[in-house]
Amino acid sequence: MESVGTPEDDPSNALAPGRIGAAFVAVLGLAAAAPIVTAVTVLPSALAGGAGSLLPLAFAAVAVVLLLFCTGYAAMTRRAPSAGAAYAYVARGLGRPAGLTAAWLAVAGYQAIQFGLYVITGVAAAPLLRSWSGVAVPWWAVAAACWAFVVLCGTMRVEIAAGVLALLAGAEAAVLAVLTAVNVVKPYAGRVTTESITIGDPAAVDRPMLGLLLAVGVLAFAGFETTGTYAEEALRPRRSTGLAGFGAVVLIVLLLGGLSWSMIVAAGPGSIAGRAGGHGTELVFALAAERTDPWAVTLARAVFFVGVLAGLLALHHAIARYLYAMGREQVLPGVLGRTGRRTGAPRTASLTQSLVAGAALAGAWAAGADPGPGTARWLIVGGALSILVLYVLTSLAALLHLNRNPGVEGAWTRFLAPVLSTVSLTSIAYLAFRDLPGLLDLPAGYALVRAVPGALAGCLLLGLCHAAVLRARNPVVYAGIGLGGAAVVITPQPPAEPEPPRIPRQRTPGAHRPERVELSRRSPGPE
């Protein structure tokens with residue numbers, strides 16, 4: 001008999017329970033999505049391309065789809081709260097190989113987005129440092145300072161880390177809300193027109209543009225689903241993270257949808273495309289400079305940097321918990337499944353993630369790389385596409401698992417919402433890959449464009465090969481995939497005893513001629 005022990009067998013393997021509530025978890029999801037990064041780097045290019053009023057409407061439509069996704073996601077969390085989140089849910093719904101594939105998609109996607117944010121730190125800090133000290137600081141120096149901050153906060157107790165992120169993300173949300181209000185209070189030509197939010201002629205809508213905007217909208221939300229990784233540390237493990245997922249989606253759509261609409265109001269529906277093309281990533285700050293004092297613009301730039309830092313830290317925590325979940329189940333080296341005795345945080349997984357990020361930054365510095373906004377966009381979009389594929393797998397897994405093992409959920413939670421979200425997310429994923437050059441702002445056929453689907457195919461192959469190796473070499477560990485470290489006992493069945501040789505029954509004389517047998521029974525015989 002072989003078994004894998006439960007987390008309770010070794011206290012060093014358990015995350016600290018009951019540390020954070022739904023509000024803090026929602027803030028962690030908001031920080032991971034980094035809406036201010038989308039506002040500065042994505043909204044201007046979309047508006048310059050002629051999106052206009054379609055942009056806020058696209059955010060609203062995507063929010064509806066993701067709320068449908070959250071319905072099944074929350075139901076799976078109630079069934080099996082796990083730090084592995086989508087890894088555990090996909091393993092239960094689509095099988096262990098798919099679960100490992102989901103885990104590698106999540107880790108690779110979050111890591112790519114984090115690398116992109118490290119690149120953006122230099123871009124975000126450059127104007128501030130130049131205005132304050134007159135010194136041009138290289139990007140790698142700013143990234144190294146941010147990396148040290150993430151290392152320090154990554155091993156803290158989760159409630160302290162959540163408090164730090166609440167301050168950073170709170171400042172980010174407050175600035176976005178103030179910028180939105182300022183744009184609306186001082187609109188173009190002194191009035192807000194219906195053209196800023198309505199579509200004049202629906203038949204004239206550019207269909208490829210609409211599909212591209214839906215893809216951009218989903219990618220802008222990437223990171224909110226990290227709320228599920230805190231289920232084991234939440235006050236109510238089966239409810240808090242599910243509610244937090246809904247809350248994070250609502251916050252993000254209000255911030256991004258509201259800001260994109262207010263930018264159209266501030267610049268004017270007819271001139272927003274030209275102004276966005278002229279200012280580029282400075283559009284948000286240029287509109288603010290026309291309506292506020294210079295110190296307010298400087299504060300907005302500082303909070304942009306703060307939002308990037310919050311995204312780095314929130315993604316670090318998500319990656320660490322995925323590594324912890326895989327280490328606890330011994331899918332990865334078991335040392336990753338250990339937590340700090342005083343903090344209850346996944347200390348080893350956190351330090352491992354920090355080492356990986358630090359090695360990548362050191363390699364880029366040693367190679368003399370000077371990445372700019374284009375590199376950051378490629379990394380962030382590529383990582384977000386990986387998370388979009390993860391959404392599709394998770395939604396499909398929820399649909400299959402909830403209906404294969406029906407519980408207290410109603411038809412809406414168990415069937416209708418997962419079906420609608422699966423179909424919608426699959427359609428948006430198709431649109432995203434179809435318009436990949438536009439998302440990356442690179443020419444079709446470019447090597448970096450082909451590299452993104454190649455990397456996703458690599459994650460798929462890695463997950464399947466990983467599962468095959470575990471199944472062949474360690475079937476006990478393979479059997480425990482997605483179970484959160486719960487005990488798995490495999491008792492070998494004794495070999496079946498061979499059946500004794502069958503001896504043919506003796507035939508009754510005359511049985512092949514029933515009429516003779518009957519006659520013999522009636523005959524009285526000789527007296």
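User: Which residues line the largest cavity, and what makes a residue part of a lining?
Analyst: Leu179, Val182, Asn183, Leu259, Met263, Val284, Leu287 and Ala288 do. A lining residue has an atom within 4 Å of a cavity point, meaning a point on a 1 Å grid over the protein atoms alone where a 1.4 Å probe fits but cannot get out. Helices α8, α10 (240–267) and α12 (283–289) each give two or more residues to this lining. Keep in mind that the model is predicted: local features need pLDDT of at least 70, side-chain atom pairs count only at pLDDT 80 or more, and totals for chains, interfaces and linings use all residues. Numbering runs from 1 along each chain as its sequence is written, and side-chain values use heavy atoms, leaving out hydrogens and water.

User: Why is α1 called oblique to α8?
Analyst: Helix α1 (residues 22–33) packs on α8 (residues 158–185) at about 60 degrees, the axes 9 Å apart. That makes α1 oblique to α8, since oblique is whatever remains after under 35 degrees (roughly parallel), over 145 (roughly antiparallel) and 65 to 115 (roughly perpendicular). The crossing is left-handed, too.

User: What meets what between α1 and α8?
Analyst: From α1, Phe24, Val27, Leu28, Leu30 and Ala31 meet Ala162, Gly163, Leu165, Ala166, Ala169 and Ala173 of α8, where contact means heavy atoms within 4.5 Å. By class that's 10 nonpolar, 1 polar and no charged; Gly counts as polar.

Technical notes:
Axes fitted to C-alpha atoms, helices over the stretch in contact; angles between N-to-C directions. Helix = DSSP H or I, 4+ residues; strand = E, 2+ residues; numbered from the N terminus. Left-handed = near helix turned anticlockwise from the far one by under 90°. 1 Å grid on protein atoms, 1.4 Å probe; cavity = no way out; pocket = protein on both sides within 12 Å on 5 of 7 lines; lining within 4 Å.
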